[in-house]
Amino acid sequence: MEEERVADFSDLPGNCISHALSFTMPLDACRSAVVSSVFRTASESDALWEKFLPPDYLEVISRSVSPVEFSSKKDLYLRLCDSILVDEGKMRFSLEKSSGKKCYTLSSRELLIIWGDAPRCWRWIPMRSSRFREAVELLGVCWLEIHGKINASMLSPKTDYVACLLLKTVDGATGLDYPPAELFVKVGGRVLKKNGYLHVDISPMLQLRNLETLTRVRSLTRAIEFAHVPHARNDGWMEIELGRFFNDGEGGDVEMSIMEVKGRSLKKGLIIEGIEIRPLN
């Protein structure tokens with residue numbers, strides 16, 4: 001008696017396999033290509049990668065500073081994962097590679113910086129290491145106040161996000177370690193607030209023995225423990241988390257702020273690239 005052949009998943013039409021893969025993640029679709037030639041063809045289809053692209057991808061690439069060239073929808077997806085400059089170079093857009101969630105970085109030009117147009121307080125400098133044409137350096141203020149804003153409709157709905165300030169400090173930076181800055185993220189009527197330190201260097205304080213410096217060292221040590229200080233990134237910049245929020249898809253503005261207006265010390269030596277809003281892993 002002839003043995004009955006068991007149907008295999010690969011026997012399905014390619015469009016059925018592509019449709020099934022569209023319910024997975026982009027990373028899973030790429031991995032499926034090693035299963036068989038049928039899966040490889042299905043995992044490369046435009047119909048599949050159209051599902052992984054955000055619904056407004058055509059509107060996004062229409063805002064690109066430079067033409068976005070691509071040979072397939074998968075090619076476009078990978079191109080967007082590398083990021084593109086949009087909105088006259090004031091913002092950078094990208095996709096989180098494994099999930100396809102949208103990310104935005106607001107340049108320093110897109111931020112509201114109090115005294116930012118005063119040459120004695122801030123100066124705009126070109127930086128090869130920046131994602132943008134320029135960054136802004138703090139020359140000296142006692143009142144530090146920076147605000148950023150993005151409409152939640154530009155982000156992926158039903159997604160947890162984190163907002164981070166991208167920064168560097170120069171030699172001789174002062175006034176950024178105490179008192180702490182106030183970091184805000186406001187979504188709708190909800191305000192998330194915490195304290196953070198924009199620069200940490202406790203070594204000079206250890207040479208002093210008075211009560212004030214002891215208090216500062218303890219505060220900075222506690223901040224380091226709870227990650228309320230800048231951390232190094234792989235791109236040569238530092239970042240400090242401003243706050244986390246859930247984008248429920250209802251729209252409205254997400255507002256982010258950095259303020260230190262209570263201390264009287266002169267603050268200088270801070271370089272700001274912008275604010276990054278990215279999905280939480």
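Me: What should I know about the model before reading its features?

Reply: The model is predicted, so local features need pLDDT of at least 70 and side-chain atom pairs count only at pLDDT 80 or more, whereas totals for chains, interfaces and linings use all residues. Residues are numbered from 1 along each chain as its sequence is written, and side-chain values use heavy atoms, with hydrogens and water left out.

Me: How many salt bridges does the rule give?

Reply: Side chains of opposite charge can pair when their charged atoms come close. A salt bridge here is a side-chain nitrogen of Lys or Arg within 4 Å of a carboxyl oxygen of Asp or Glu. The count is 18. One of them joins the side chains of Lys-102 and Asp-56, with N to O at 3.1 Å. This pair links distant parts of the chain, 46 residues apart: Lys-102 is in strand 3 (residues 102-107), and Asp-56 is in the loop between helix 4 (46-52) and helix 5 (57-62). Helices (H or I, at least four residues) and strands (E, at least two) are DSSP runs, numbered from the N terminus.

Me: Is Lys-102 buried or exposed?

Reply: Buried means under 20% relative accessible area, exposed means over 50%, and partly exposed lies in between (1.4 Å probe, protein chains only). Lys-102 counts as buried because its relative accessibility is 4%. Asp-56, at 23%, counts as partly exposed.

Me: Which residues are linked in a network of salt bridges?

Reply: The network links Arg-131, Arg-233, Asp-235, Glu-239, Glu-273, Glu-276 and Arg-278. Within it, Glu-276 forms a salt bridge with Arg-278, the closest N and O atoms being 2.5 Å apart. Glu-276 is buried at 12% relative accessibility, while Arg-278 is partly exposed at 24%. Glu-276 also has a salt bridge with Arg-233, where the closest N and O atoms are 3.2 Å apart. Arg-233 lies in the loop between strand 11 (231-232) and strand 12 (238-247), and Glu-276 lies in strand 14 (residues 268-279), so the pair ties together parts that are 43 residues apart in sequence. Both Arg-233 and Glu-276 are buried.

Me: Which residues of helix 6 are buried?

Reply: An α-helix has 3.6 residues a turn, so residues three or four places apart point the same way. In helix 6 (residues 73-81), the buried residues are Lys-73, Lys-74, Leu-76, Tyr-77, Leu-80 and Cys-81. They lie on the same side of helix 6 because they cover an arc of only 160° around the axis, the arc being that of the directions from the helix axis to the C-beta atoms. Just after helix 6, Ser-83 has a positive phi of about 85°.

Me: What is the strand order in the open sheet of 5 strands?

Reply: Two strands pair if DSSP finds at least two bridges between them. The order is 4-7-13-9-10, with antiparallel pairing. Strand 4 (112-113) and strand 10 are the edge strands, each pairing on one side only. Strand 4 is joined to strand 7 (residues 144-151) by 2 bridges in the antiparallel sense, and Ile-113 stands opposite Ile-146 in strand 7. Strand 9 (residues 181-187) and strand 10 (residues 190-196) run antiparallel and are joined by 7 bridges. Val-187 is opposite Arg-190 in strand 10. The hairpin of strand 9 and strand 10 has 2 residues between the strands, and Gly-188 there takes a positive phi near 60°.

Me: Which residues lie nearest the centre of the largest pocket?

Reply: On a 1 Å grid over the protein atoms alone, a pocket is an open set of points with protein on both sides within 12 Å along at least five of seven lines, whereas a cavity is a set where a 1.4 Å probe fits but cannot get out; lining residues have an atom within 4 Å of a point. Grid points are joined across faces, edges and corners, and a volume is the space filled by probe spheres set on the points. The largest pocket holds about 540 Å³ of space. Of its 26 lining residues, Cys-103, Arg-233, Glu-239, Glu-276 and Arg-278 lie nearest the centre. Strand 2 (91-95), strand 3, strand 8 (159-174), strand 12 and strand 14 are the elements that give two or more residues to the lining. By class, this lining has 10 nonpolar, 6 polar and 10 charged residues. Ala, Val, Leu, Ile, Met, Phe, Trp, Tyr, Cys and Pro count as nonpolar, Asp, Glu, Lys and Arg as charged, and the others, Gly among them, as polar.

Me: How many cavities of 30 Å³ or more does the search find?

Reply: The search of the whole structure finds 1. The largest cavity has a volume of about 40 Å³, and its lining includes Leu-144, Asp-177, Glu-260 and Lys-267.
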